[in-house]
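Here is a short report for a first look at this structure. Keep the sequence and the model in view while reading.

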Amino acid sequence: MKNKNITALKNFGANLLKKKTPDEIIESANKVNLKRTLNAFDLIMLGIGAVIGSGIFTIVGVAMVGEQSGYGAGPAVIVSMIIAMFASLFSILCYSEFTSMVPVAGTTYTYTYVTMGEFMAWIIGWILMLEYAIGNVTMASSWTGYFMELLRGFSHILPKWLVNPPVWLINDYKTAISVYQNMGLDPAVEIPKIFGIIPFCINLPAVLLLLVITIILVQGIKESTKAATILVFIKLAVIFLFIFAGAFYVAPENWVPFAPGGMKGILSGAFLIFFAYVGVDAVSSAAEETKNPQKNLPIGLLGTLIACTIIYVATALVLSGMVATENINTLAPIAAAMNSIGLKKVGGIIAAGALAGITSVILVFQLGTARILYAMGRDGFFPKSFQKIHKKHGTPHVVTWLSGILVIIGALFMDLNISAELCNFGTFTNFMVICIAVLILRKTDPNRPRPFKVPFVPLFPILGILLCGGIMIHGFMTLGISAILFLLWIVLGMIIYFAYGYKKQRRNEINSGK
């Protein structure tokens, strides 16, 4: 009996560590017909579409001024950006090495399966779902705010019911309560109830946007990229307008003091700004739909990081020079800066650009969510329906619709600040894991052809781990609720794996005769 228990325990441990080789994963991917249509330019457009969004239109202001629980970076936010960029750079070099070797959907989840085994792959996939889906909840809800501001700019033309709809029709329940209380109204009276019992609030603009984006994504990856490219050009034009127009109003005295929050403020700013770099990971999720991925994926990943960092730093320099840190509007810092110098028409144009920017982020995040679910479904963790590919469009339409519905549900009740912080914890975790995975595969499979190789191994991966880990630890020390929720999310993922995923994989092995 004792020997049987020991054998069972050994088998259990072996299953947890069971890996897939890169060749097995590539062979599995080649059995399906996702269309390879993307080139390096398409990938960079997807990357800019994901990175240049609320980070530059909203979060940069919050990082400068600081949150209630943190410290403001002030003009030193450019240092925060550079720290976040380097933390991303080392990880993105590791992404580039893996995507050139194993150009399939799944990003860090797939690479973890290759290097650390089944259990860790599930956990990372679980975290990736949190990262993309919850990040998209934040984006969709922010989109509604900008959309309503844009409509109010046309209040002299549009009907009143459209410009000023009921609060409960454009906000989640928690936000609606806060808005009504600030208005001096009783939420219990103002919010309608289903069957006279259940309060009903719905962020209708966000829901409609998510439905439209889901339909676009089902139509095809090339069509989705075209839509993202159009939005990218709109928001880049708006950002360059701000940089070149605002540069004439920069007052160097606004850069003093340079770092009012000290190193704590700079690190807090780096944590917040890092939210923007979530989108870089999304580029690798399109690996299976990329032409010549060994060449184009590294170009797309590194090109995105370089272009976006330059844009962020230039925008932060102009913003911090135009407006003193204590006067920055954290809700719409760039548009408000233009309004403060009397260029209200330019401010309105920037608000429209922000809307385009956030829309492109939602599109790319939604793409990433669907591809993660698809990869995990193909590996047997989820029902076979998750593996279905649309016969006409060549897209994983079932998981695309499922991810859209999940984000819509999340947008109904998630707190925006907490969802953004949760997304950051997920990103830091995945960026550290990809660095660890490169180090492992260099040892376990050193002779495998690597079209792109991370230079200065093990130094660069170790630097990526230390930078991401250091900023993440700072986040755990300063962010209470979101840090606890992130740990609870991991525990929930472990419970689901042992209750469902582990058993399903063993049934799959029996059915396949392994």
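## Salt bridges and other local features

Asp23, Asp445 and Arg448 are joined in a network of salt bridges. This is a predicted model. Arg448 counts as buried, because its relative accessibility is 17% and the cut-off for buried is under 20%.

How many salt bridges does a search of the whole structure find? It finds 5. Side chains of opposite charge can pair when their charged atoms come close.

Begin with Arg442 and Glu97. Their side chains form a salt bridge of 2.8 Å, N to O. The pair links distant parts of the chain, with Arg442 in helix H19 (residues 416-444) and Glu97 in helix H5, 345 residues apart. Arg442 and Glu97 are both buried.

Then look at Arg506 and Glu118. The closest N and O atoms of this salt bridge are 2.8 Å apart. Here too the pair links distant parts of the chain: Arg506 sits in helix H21 (residues 480-512) and Glu118 in helix H7 (residues 118-152), 388 residues apart. Arg506 is buried, with a relative accessible area of 13%. Glu118 is buried as well, with a relative accessible area of 1%.

| Helix pair | Axes come within | Crossing angle |
|---|---|---|
| H5 (residues 77-101) and H20 (residues 459-478) | 8 Å | roughly 135° |
| H15 (residues 293-322) and H16 (residues 333-340) | 10 Å | roughly 40° |

H5 and H20 are therefore oblique to each other. Their crossing is left-handed. H15 and H16 are likewise oblique to each other. H15 passes H16 in a left-handed crossing.

## Loops and backbone

The loop between H19 and H20 holds Phe456 and also Pro458. Phe456 is not a glycine, yet its phi is positive, near 55°. Is Phe456 buried or exposed? Phe456 is exposed, with a relative accessible area of 60%.

Another cis peptide bond joins Val256 and Pro257, where omega is about 0°. Pro257 lies in the loop between helix H12 (221-246) and helix H13 (262-273).

Asn292 is found in the loop between helix H14 (278-284) and H15. Asn292 has a positive phi of about 45°, although it is not a glycine. Its relative accessible area is 43%, so Asn292 is partly exposed.

## Surface and chain start

Which residues make a nonpolar surface patch of about 540 Å²? They are Ile194, Phe195, Ile197, Ile198 and Phe200. Phe195 sits in the loop between strand E1 (193-194) and strand E2 (198-199). Phe195 is exposed, with a relative accessible area of 76%.

Finally, turn to Phe12, which lies in helix H1 (residues 2-16). Phe12 is partly exposed, with a relative accessible area of 30%. Phe12 and Met120 are 108 residues apart along the chain, and their C-alpha atoms are separated by 14 Å.

Methods:
Residues are numbered from 1 along each chain as its sequence is written. This is a predicted model: local features need pLDDT of at least 70, side-chain atom pairs count only at pLDDT 80 or more; totals for chains, interfaces and linings use all residues. Side-chain values use heavy atoms; hydrogens and water are left out. Patches are made of residues with over 30% relative accessible area and no salt bridge: like charges are joined within 9 Å, nonpolar side chains (Val, Leu, Ile, Met, Phe, Trp, Tyr) within 5 Å. Accessible areas come from the Shrake-Rupley method with a 1.4 Å probe; for residues, only the protein chains shown count as cover. A salt bridge is a side-chain nitrogen of Lys or Arg within 4 Å of a carboxyl oxygen of Asp or Glu. Helices (H or I, at least four residues) and strands (E, at least two) are DSSP runs, numbered from the N terminus. Buried means under 20% relative accessible area, exposed over 50%, partly exposed in between (1.4 Å probe, protein chains only). Axes are lines fitted to C-alpha atoms, for helices over the stretch in contact, and angles run from 0 to 180 degrees between N-to-C directions. Angles under 35 degrees count as roughly parallel, over 145 as roughly antiparallel, 65 to 115 as roughly perpendicular and the rest as oblique. A crossing is left-handed if the near helix is turned anticlockwise from the far one by less than a right angle, and right-handed if clockwise.
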